[in-house]
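Hello,

Here is the structure I promised to pass on to you. Please have a look, and then read on for what I found in it.

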Amino acid sequence: MITIENLTKKYGKKTATDHLSFTVPSGQVTGFLGPNGSGKSTTMRCIVGLDRPTEGQALIQGVPYGQLRSPLTTVGALLDAKAFHPARTARQHLATVADTHGFPKSRIDEILNLTGLTDVAGKKVKGFSLGMGQRLGIATAMLGNPEYLLLDEPVNGLDPDGVRWVRDLVKNHARIGGTVLISSHLMSEMAMTATNLVVIGGGRLIASGPIKQFTESVGHSTVRVAGPDLAAIGETLAQMMPTLERVDGRDTLVIQGAQASDIGHALHVAGLEIHELSTTHSSLEDVFMELTGSSVEFRSGGNR
Ligand SMILES: Nc1ncnc2c1ncn2[C@@H]1O[C@H](COP(=O)(O)OP(=O)(O)OP(=O)(O)O)[C@@H](O)[C@H]1O
């Protein structure tokens with residue numbers, strides 16, 4: 001488990017993270033969501049000891065990164081996908097990292113294969129596309145076969161195949177017991193990848209928990225009701241549930257803020273026939289926009 005406790009990081013007068021607290025549970029993929037500049041990279045850098053918190057702490061298995069007995073085989077991180085020596089080949093880069101950290105050489109071919117880089121292993125990194133660079137960054141993070149993977153925007157620059165590859169890779173890592181913290185501003189992608197979410201805005205925690213909690217809460221779902229006597233259904237619901245917000249469609253009613261079971265019961269008690277009673281959950285994208293709306297640092301149009 002990763003534990004972020006009251007983490008505050010200031011760069012001069014700029015507060016990048018502000019008393020941030022959350023946990024990253026083991027054996028799961030946790031999506032780390034936030035608008036640009038919300039403090040995701042700063043948090044990740046603090047976790048691996050690349051930045052020193054101004055206040056609070058980031059702990060892995062209960063200790064700071066620097067106190068882990070074997071940090072490089074415990075945590076693998078992709079924080080800057082461009083941090084390679086341009087004149088080295090992918091294989092040379094991985095061999096240098098393996099040498100420096102005492103990882104077995106046999107792992108290099110294994111990881112080249114796992115990350116789909118075998119065919120370009122002899123190519124100089126300076127000729128790599130952004131997507132290939134991302135793959136090499138992930139390969140480097142996974143070289144020590146770590147339990148924890150921290151990936152900062154790993155799908156940036158990847159084509160749809162690459163995006164799916166990252167998704168499968170991190171899900172598989174969690175399935176075999178690993179722990180993944182993956183940052184993104186692509187909410188729809190996180191909906192397909194993560195089982196747990198941490199949402200931050202302006203350096204502060206906005207919400208965290210299992211992903212279902214975000215999209216399936218009553219506040220984030222609507223219920224559609226249809227029946228032969230829609231006017232009577234509308235009147236009944238208005239009488240029995242006067243606080244409901246009703247949006248009249250042509251042949252259905254769309255109701256926000258109530259559960260389908262309560263609506264079904266109310267209409268049953270009133271003896272009304274219904275032909276449709278269905279719940280639609282908001283997309284994670286909608287929930288994210290709602291949650292982070294007021295904390296976006298840069299908006300289109302240039303307002304801050
Ligand atoms: N070294 C630094 N010096 C000064 N300010 C910094 C530094 N690093 C980050 N910041 C500021 O701290 C805030 C948080 O930045 P951070 O990179 O952690 O956010 P982020 O959520 O990762 O954003 P993005 O999605 O754009 O990468 C931003 O306002 C950023 O400008």
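**Around the ligand**

Helix 1 contributes the most to the shell around the ligand, with three residues. Before I go on, two notes on the source: residues are numbered from 1 along each chain as its sequence is written. This is a predicted model, with local features needing pLDDT of at least 70 and side-chain atom pairs counting only at pLDDT 80 or more, while totals for chains, interfaces and linings use all residues.

The residues around the ligand are Tyr11, Lys14, Ala16, Gly34, Asn36, Gly37, Ser38, Gly39, Lys40, Ser41, Thr42 and His185; a residue is taken as near the molecule if its C-beta atom, placed from the backbone, lies within 6 Å of it. Two or more residues come from each of strand 2 (14–24) and helix 1 (40–47). Helices (H or I, at least four residues) and strands (E, at least two) are DSSP runs, numbered from the N terminus.

By type, the shell holds two nonpolar, eight polar and two charged residues. Here Ala, Val, Leu, Ile, Met, Phe, Trp, Tyr, Cys and Pro count as nonpolar, Asp, Glu, Lys and Arg as charged, and the others, Gly among them, as polar.

Three strands form an open sheet in the order 2-1-4, with antiparallel pairing; two strands pair if DSSP finds at least two bridges between them. Strand 2 and strand 4 (55–60) are at the edges with a single partner strand each, so one side of each has no neighbour in the sheet. On average, neighbouring strands of this sheet are turned by 20 degrees against each other, direction ignored. Axes are lines fitted to C-alpha atoms, for helices over the stretch in contact, and angles run from 0 to 180 degrees between N-to-C directions.

Strand 1 (residues 2–11) and strand 2 run antiparallel and are joined by seven bridges, and Leu7 stands opposite Leu20 in strand 2. Helix 1 packs on the sheet and touches strand 1, strand 2 and strand 4, its direction making about 115 degrees with that of strand 1. Contact requires C-beta atoms, placed from the backbone, within 7 Å.

**The whole chain**

The protein chain has 11 helices and 13 strands, and its C-alpha trace spans about 75 × 45 × 40 Å along its principal axes. The domain assignment, automatic or from a database, gives domain 1 (2–215) and domain 2 (219–284). Their centres, taken over C-alpha atoms, are separated by 44 Å.

Conventions:
Two residues are in contact if their C-beta atoms, placed from the backbone, lie within 7 Å.
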